[in-house]
Every structure is written in C-alpha cells, then in structure tokens.
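Here are a few notes to read alongside the model. Have a look at the picture first, then work through the points.

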Amino acid sequence: MFKHSGFHLAAWLNLIAGTVAIAVSVAFGMVAELKLKPSLIAHTTLDMHKILAFSTLSFALLLLVWRTGLRGRFPAKGGLLYLLLSGVGVTLITGAGYYGGEMVYRHGAAVSIIDEFSRERYWKQLENIYVPAAANYSKDSTLNLPNYP
C-alpha cells in the first residue's frame, strides 16, 4: 500500500495545498486580529491560538522543504522521523483549531454584535465597581471600599 506511487503523489500535492492553506489562514488571522478587542481571558486564548498556528505553519514548511529537496518523493531514510513530524503537525493544527473555536464560541471574538455587547458589559462592570468606591473615598477618613460578592 505505501509503495504505490499514486499515494505518494497525492500526499505530495496535499502537502503543497495544505501548506498554502495554512499560510493563507495565518495571514487572514493576523488581519482579523487587528479588529479584535479581546478581554484579558480571551487574549490568553488568542495567544495560544497564534502560537499553535505559527508552529503549524513552521512544521508544514519544514516538511514541504524536506519533500521539495527530495523532488516530492517520500524520504527513504528518515521516513519514520518524517511521519513523526507530520503527526506533530496534525496535533498542532488540531490545537489551533480548538483554540480558534474557543475564541469564537466561548469569547465571541469576531462576532460584531457580541463584541459590542461584551465591550458595553465590560465597561458597565468597571463602572459599577470603581465609581462607588471612588465616591466613598474622602481624604480625611479611612478608605471605605464596598464589599462585592
């Protein structure tokens, strides 16, 4: 099964197409990030998503350069290492997809209506916490901060 040249050609073409798709996805992600205004928690998720996406791109480029050096053939020596690196790449892209889904479905990133709602809610929370605390502060008495549940 693994000796069939048609499978190797299909794998080579998929590697090329996949690497191009990853590069385009990373580029669009970088552009989309410019419009995001994530909360602190969402930003940590975004950072993990970016790390995994750039790592995936790096692994795909490494495999592509390796196969290009072999003119598209599967490596006769180091084939096990190649497959291991491919597995790492699959794991990385799975993680990037997971954290991308977390960004959209848990944090509402890139969903404009939710973005506006989240920003308004965030500023209202800050206002409810800090404005009463500031109103209770006077220079001639001790600081009386309200207890929030």
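1. Start with the largest pocket: 23 residues line it, and A11, R67, Y82, L83 and S86 lie nearest its centre. A pocket here is an open set of points on a 1 Å grid over the protein atoms alone, where a 1.4 Å probe fits, with protein on both sides within 12 Å along at least five of seven lines; lining residues have an atom within 4 Å of a point.

2. Before going on, keep in mind that this is a predicted model: local features need pLDDT of at least 70, side-chain atom pairs count only at pLDDT 80 or more, and totals for chains, interfaces and linings use all residues. Residues are numbered from 1 along each chain as its sequence is written, and side-chain values use heavy atoms, with hydrogens and water left out.

3. Who builds the lining of that pocket? The helices α1 (5-33), α2 (40-69) and α3 (79-106) each give at least two residues, and the largest share, 8 residues, is from α1. Helices are DSSP runs (H or I, at least four residues), numbered from the N terminus.

4. Now for I16, which sits in helix α1. Is I16 buried or partly exposed? Its relative accessible area is 31%, so I16 is partly exposed (buried is under 20%, exposed over 50%, partly exposed in between, with a 1.4 Å probe and protein chains only).

5. Last, check R71, in the loop between α2 and α3. R71 has a positive phi of about 60°, although it is not a glycine. With 75% relative accessibility, R71 counts as exposed.
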